[in-house]
Amino acid sequence: MEQAFQVDLRGVVDLLSRHLYSSPRVYLRELLQNAVDAITARGEAAPGGVGGRPPTSDTARGEAGGTVAVETRDGLLRVHDDGIGLTEDEVHRLLATIGRSSKRDELGFARHDFLGQFGIGLLSAFLVADEIEVVTRSARSTTGTAVKWTGFADGRYQVEPGERDEPGTTVTLRPRPGSADLLAPATVAELARAYGSLLPVELTVDGAAITGDGPPWQAAYPDPARRRRALDAYCRDLYGFEPFDVIELNVPEAGLTGVAFVLPQPVTPSARAAHRVYLKRMLLAENVEGLLPEWAFFVRCVVDAGELRPTASREALYEDELLEATRDALGEQLRQWLVRLSETDPARLRGFLRLHQLGVKAMAVHDDDMLRIVDRWLEFETSAGPMTLAEFRKRHAGGRYTTNVEEFRRLSAVSAAQGVGLVNGGYVHDTEIIERLPDIDPDVALRRLDPAELTTHFGVLDPGTELALRPFLAAAQRAVDRLGCEVVLRDFDPPSLPALYLTSRAARHQAELEEARELADDLWNDVLGAMNDAVERDRPQLVLNHRNPLTRRVTMIKPGAPPPAASGAAGPGPAEEGLIELAVQALYGQALLLGHHPLRAADTAVLNRSFLGLLDWAVHDPEATP
Ligand SMILES: Nc1ncnc2c1ncn2[C@@H]1O[C@H](COP(=O)(O)OP(=O)(O)OP(=O)(O)O)[C@@H](O)[C@H]1O
C-alpha cells in the first residue's frame, strides 16, 4: 500500500533556522520575493486577458511594475502586493504543500523570470512568527472571492473566506515572543532597503519609498563625467572609499551587468575579495565569494545577474558551469581594462601598478598580456638602479638574475662592476615572471646568476706577480682550509672591496648537506654522506681583491713578520704565518659579514680570534715581548 510522507513542520523550521539561513532576518527577503514574483506572474498573464496587467511605462521598460507595501502598524507586519494572487485551490496546493512552487515548469526547472524556485521560502516566516496569515484574491478568478489561509508553526492550517477588494495578496505576521525586534519598524525599513532597494517594483515601508531609480550603473546620464561622479558617489556610499577607477562589467550569458570599483589602496592578495551581488535585482549577499578569479583582489564589485543561480539559502552563488564562465568573462574584462590603460594612459597605469603590483604580478605568471604590461611598465631592482625588465634587457644583453634578495644585495655592485647586469628576482612572483619572459620574447637571454661564474670576469694577476705571491697564497689557503674555503687572488672592481665570499649553487647545496649531517642520526648520516659524495666537490671561494690597497698590503706581508703575542697561545701553526693567518681570516670574516652569509660556529670563532689577534698585534709592545 502506498503511503505519503508526513512532515513535522517544527523539524523543518528548525532545519531552516539553524542550518539553512545564516540569520532569521531573511524572513523579509522571502516575503518581498514572493510579492515581486506574484507581480511578475500577473505582468506575464496575457495583457488585457483575465488577470493581466495593462502595460505601463514600467512594464514597457521590462520592469515588473506593481506595488509592494510593507506596514508595521499595531505590532504586526503586513506585506501587501497587487500581484497575481491565489485561488482557493492554489492556496491548498501551493501554500500548504512544502516544496511545491508555482515557479517551476512542468519538468521541474526553475522558471526563468522568478526569484523563488524551491517552495520553502514562506516557511522562513516561522523563524519570527508562530502564525502566518495570507489573504489573497486571484487576478485570474472570475468569481472575485478572496481566501484567507492561516498556517501555524505546529503544522496545522485553515482556509476560510477572506475580505479583499482587489486582486493581490496580504501576508500578516504576528511576532513570536522574542522576535519583536526583528519586526520593529526601523529593522523592517533597514532590511527592506538592504534587500529590496533595486527591485523593479514600487516598494514602500510605512509609506516611505524604498525603491528608487534602479541600479545606478544602468541609469542614463547626460555625459560620461556625470556618470562617473554618480558611480563614485555610489561607491563612497556603499564601501566608504573613492575608487581609483570604475570598470563596467557586462556578461550577457549570465544576464549580468555591474561595476567593479578599483581600490585606491593596496590590499593583501590573501584578503578574501567579497562582492555585492543582486540576482534579478534582489540582494543575494554583500560578501559573495567566487564571482571573480582569485587574482582580481584589487576591485570590489556590485553586480546584478539574471541567470546565475543562488544556493537554497539564497546567500551564495551556486557553483556551476555558468558561474565558472562568468568568472572567466569578468576576469577578461578587468584584464582588458588594464591593457587599455597601458595603451591610453600610461601615467595612470603606473599609479595603478604602484598600488596593486602584487596582483598584477600574480596575473602575469599565467597571462601573456599581463606579462607584457609587467615587462614594459613595472620597475624591478637592478644593479643599474630601478628599471623595467624591457629596459634592462635592452641595456644588458647577457644579464643575469638572482632568485633571492640577499644574493642580489651581496653581488649587485660587484656584478655591475664586471659589466654583468643583475636583476633582483627575489620578491614574490619575480623569478617566475623573469623565467616566463621567453614566452613573449623568444630572444630573451636572461640567465640565473651562478655567483661562482663572476670570478670568470675577474682579472687574473700577471704571471710575475702571481709567482711572487705563491708563498702568500699557500699561507692564506692554510688559514681558511679547515673552514672549507678556497682562496684565490684576483684583480677586480670595485677597488674598495677587499674580498668577496662566493658560493656557487653546488657549494651551497653541499654546505646544507654538511649542516644536516651534523644534526642527523647515524642512519641519516650515511644517507646524507652518500649524497654528499655524489655532489661534485665545489668549495666556496674567498676571492681576495688585488686591486684593493689593504688587501694588496696583506699580500705583501713577508713570511717571518713578527708573530702576534697571542697567536702562540691561540693554537698551533708556524709562527711566521701568524700575521698572514690573522689577516686572511679577518678578510674572510669581513667578506662573510658584508655578504650577509650565515655564520657557522666556526666562522664566529675565527672572526673573534682574528679581531682580537689583530688588535693585540696593533697594540703590541715589542719591549714587553719575552
Ligand atoms: N504573495 C504571494 N502571491 C501569490 N502567490 C504566493 C505568494 N506567496 C507565496 N505564493 C505561492 O506560494 C508558493 C510557495 O511559496 P514559497 O515562498 O514557499 O516558495 P517559492 O517562492 O516558490 O520558492 P522559494 O522557496 O525559492 O522562495 C509560491 O510558489 C507561490 O505560488
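1. Basis. Residues are numbered from 1 along each chain as its sequence is written. As the model is predicted, local features need pLDDT of at least 70 and side-chain atom pairs count only at pLDDT 80 or more, while totals for chains, interfaces and linings use all residues.

2. Ligand shell. The ligand is surrounded by 23 residues, the closest being Asn 34, Ser 101, Ser 102, Gly 116 and Gly 121 (a residue is near a molecule if its C-beta atom, placed from the backbone, lies within 6 Å of it). Helix 2 (26-44) and helix 4 (88-95) are the elements that give two or more residues to this shell; helices are DSSP runs of H or I with at least four residues, strands are runs of E with at least two, and both are numbered from the N terminus. Helix 2 supplies the largest share, 5 residues. By class, the shell has 9 nonpolar, 11 polar and 3 charged residues (Ala, Val, Leu, Ile, Met, Phe, Trp, Tyr, Cys and Pro count as nonpolar, Asp, Glu, Lys and Arg as charged, and the others, Gly among them, as polar).

3. Helices 19 and 20. The axes of helix 19 (residues 578-594) and helix 20 (residues 601-618) come within 8 Å and cross at roughly 130°. Axes are lines fitted to C-alpha atoms, for helices over the stretch in contact, with angles from 0 to 180 degrees between N-to-C directions. The two helices are therefore oblique to each other (under 35 degrees is roughly parallel, over 145 roughly antiparallel, 65 to 115 roughly perpendicular, and the rest oblique). Residues of helix 19 in the contact include Leu 582, Tyr 588 and Leu 592, and those of helix 20 include Val 606, Phe 611 and Trp 617; contact requires C-beta atoms, placed from the backbone, within 7 Å. The contact of helix 19 with helix 20 has 10 nonpolar, 4 polar and 1 charged residues.

4. Helices 8 and 9. Here the axes of helix 8 (residues 346-364) and helix 9 (residues 368-377) come within 10 Å and cross at roughly 135°. Helix 8 is thus oblique to helix 9. Among the contact residues are Leu 353 and Val 360 of helix 8, with Ile 373 and Trp 377 of helix 9. The contact divides into 10 nonpolar, no polar and 2 charged residues.

5. Helix 6. The 16 residues of helix 6 (residues 224-239) should span 22 Å at 1.5 Å a residue, and its end C-alpha atoms are 22 Å apart, which agrees (the expected span is 1.5 Å times one less than the number of residues). Gly 240, with a positive phi near 80°, follows helix 6.

6. Backbone points. Most residues other than glycine have a negative phi, and most peptide bonds are trans. Asp 206, a residue other than glycine, has a positive phi near 50° and sits in the loop between strand 7 (202-205) and strand 8 (208-209). The peptide bond from Asp 493 to Pro 494 is cis, with omega near -5°; Pro 494 lies in the loop between strand 19 (486-490) and strand 20 (499-502).

Technical notes: Contact = placed C-beta atoms within 7 Å.
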